[in-house]
Amino acid sequence: MAGPTAHPPTTTVREAVLALCRATGMTTVFGNPGSTELRMFRDWPEDFRYVLGLQESTAVAMAAGHALGTGRAALVSLHSAGGVGHSLGAVFNAYRDRVPVVIIAGQQSRALLPLRPFLGADEPARFPRPYVKFSRQPERAADVPAALAEAHRVAMSHPRGPVFLSVPEDDWDRPAEQVAPRTVHGGYTADPAALTGLAQALDAAARPALVVGPGVDDEGAVREVAGLAERLRAAVWISPLSGRSGFDERHPLFQGFLPPVADQLAERLAAHDVVVALGAPLFTYHVHSESPPLADGTELYHLDCDPAQAAWLPVGTSIVTTLRPALRTLADLVRPADRPAPPPRPAPEPLPVTSTEEISPELVMDLLRERLPRDTVLVEEVPSHRDALHARLPISGEGRFLTTGSGALGWGLPLAVGRALADGERVVCVVGDGSALYSVQALWTAARHRAPVSYVLLDNGGYSAVKALGHRIGIAPVPGTDIGGIDFAALAGSFGCPAERVEHPGHLPKALDRALALGRDDGPLLLQVRVPADDSQAYEPWAR
Ligand SMILES: O=C(O)C(=O)c1ccccc1
């Protein structure tokens, strides 16, 4: 009888990898197959689901949505070299947004590699860097399963993120040993003395603020942040261009969204003497302005699980920690405050349906707010109208708002597919025409798998955010920013996704009713909503 120290049984690389995928909950594979991956699919098991993306960046973004929905890493299979290249915009987002995506990329046969073969990747492990946490092509086929196990553990440890394994196509049939899954307990907590110092600063503060970054939602610390904010009576802001929410935006302590411009950010926070940034890089700027990061008199503390981020922040005291244990300790350390709470931010005026001839983005957001259940998962990629969305469509609840916090467009449309496939809950995705076109073929996957996504595509006929950013610095017109005239409803229909065009404000309420009444089993639907191209506005939603 085998003792506990006996070697695990020998099998093939494929069997060992599939067993590891089962053990780690990665039985949905997002991918786009080619000849360099074929042997992975021999005797493809029935308990695995293959979700085809018609371009590799959609496969990565769908996997990211799945990972965000399940809380587990998601597996992606990419084609060698060029396929990896196609995926990289989405890999960049996954890295910056800390999404655990495990990528297995194809590679040519080991015997062919010295000959620079067709499809072969030179220096495969360098290709996705620096936007992966781990990147390897194992030296020997037999090392592939253990390398994948390590990659998975790296992807899932804080700060989470994508990992990359290049597997030559002749490895899959070779012998290898089964890998026993291991557990890594990855929560770690701050130095108690550092938290005591922070608690003392908060107790002494007159007007403290918490800045909620994407890490709060990512680490499941929303409830802890609300508890601390209430105990402190602190103002709560969301960090610039955060890819998540992380605080109930209807809460009276909520003050709004910080601007991604240094002078405006410093000005917004100047009212506070102690600011605590939670899971937020805080100084995420989109455009340059000559300004110190914070006004004199604003003292910054920063809690984050990423030591690199702690190192590159230009000012403040950083405490490296995962958030939940640190926030619980902090809530015990601070005194309940008797300072007055900050006044709540004013609510925007609702627009009557009949107030305009055209459909304004504000009207779309008002109508969505009236219709969406509070716990709807909302995926956003509508840069020109994000201010209207944030002002009029408050998010409540953990994991309910997803967008790119990094800026590579083409993320939202497929992200919504993966998120919907994670648990079958209907997702609402508000997407711009420009954004949609980077990854529009994900509608085919949505239709194929009947992913419950209601797309509200705001069509302003151009790259409006870029036009407005040009306008801001006196550059108009900007060449290459008009893309109007695309029939998205027909395009979606051709992919098998039902769609409607909405061009008149009076037709919008019923169209939204139809889109939002759909259930888990009704598959996707796309509304192409024509909104005006307002190129005259400077892209400073945060300043309006
Ligand atoms: O600034 C840009 O060019 C850009 O790509 C972008 C991305 C997201 C939001 C707004 C603009």
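How far apart do the end C-alpha atoms of residues 12-113 lie, and how much of the span is helix and strand? The end C-alpha atoms lie 22 Å apart, and the span is 40% helix and 21% strand. Helices (H or I, at least four residues) and strands (E, at least two) are DSSP runs, numbered from the N terminus. The structure is a predicted model, in which local features need pLDDT of at least 70 and side-chain atom pairs count only at pLDDT 80 or more, while totals for chains, interfaces and linings use all residues. Residues are numbered from 1 along each chain as its sequence is written, and side-chain values use heavy atoms, with hydrogens and water left out.

UniProt lists residues 12-113 as "domain: Thiamine pyrophosphate enzyme N-terminal TPP-binding" in an unreviewed entry. UniProt positions are given in the numbering used here, feature names are shortened, and annotations may be inferred rather than shown by experiment. In the span 197-330, the end C-alpha atoms lie 10 Å apart, with 34% helix and 20% strand.

The loop between β5 and β6 holds P130 and R116. The peptide bond from R129 to P130 is cis, with omega near 10°. R116 has a positive phi, near 50°. Phi of D43 is also positive, near 50°; D43 is in the loop between β2 (28-31) and β3 (49-52). Most residues other than glycine have a negative phi, and most peptide bonds are trans. R116 is exposed, with a relative accessible area of 64%, and D43 is exposed at 66% (buried means under 20% relative accessible area, exposed over 50%, partly exposed in between; 1.4 Å probe, protein chains only).

P130 is also one of the residues touched by Y95. Y95 lies in helix α3 (residues 82-96) and is partly exposed, at 31% relative accessible area. Beyond residues up to four places away in sequence, Y95 touches P130, Y131, V132, K133 and P162 (contact means heavy atoms within 4.5 Å). S135, in strand β6 (residues 135-136), is buried at 6%. The side chain of S135 reaches the backbone oxygen of A125 at 2.7 Å. Apart from neighbours within four places in sequence, S135 is in contact with A125, P128, R129 and F164.

The structure holds two cavities of 30 Å³ or more. On a 1 Å grid over the protein atoms alone, a cavity is a set of points where a 1.4 Å probe fits but cannot get out, and lining residues have an atom within 4 Å of a point. Grid points are joined across faces, edges and corners, and a volume is the space filled by probe spheres set on the points. The largest cavity has a volume of about 110 Å³, and its lining includes R250, R369 and R374. The second largest cavity holds about 40 Å³; F164 and A105 are among its lining residues. Strand β5 (101-107) and strand β7 (163-168) each supply at least two residues of this lining, and β5 gives the largest share, three residues.

Methods. 1 Å grid on protein atoms, 1.4 Å probe; cavity = no way out; pocket = protein on both sides within 12 Å on 5 of 7 lines; lining within 4 Å. Polar contact = N/O pair within 3.5 Å; in protein donor to acceptor, adjacent residues only side chain to side chain.
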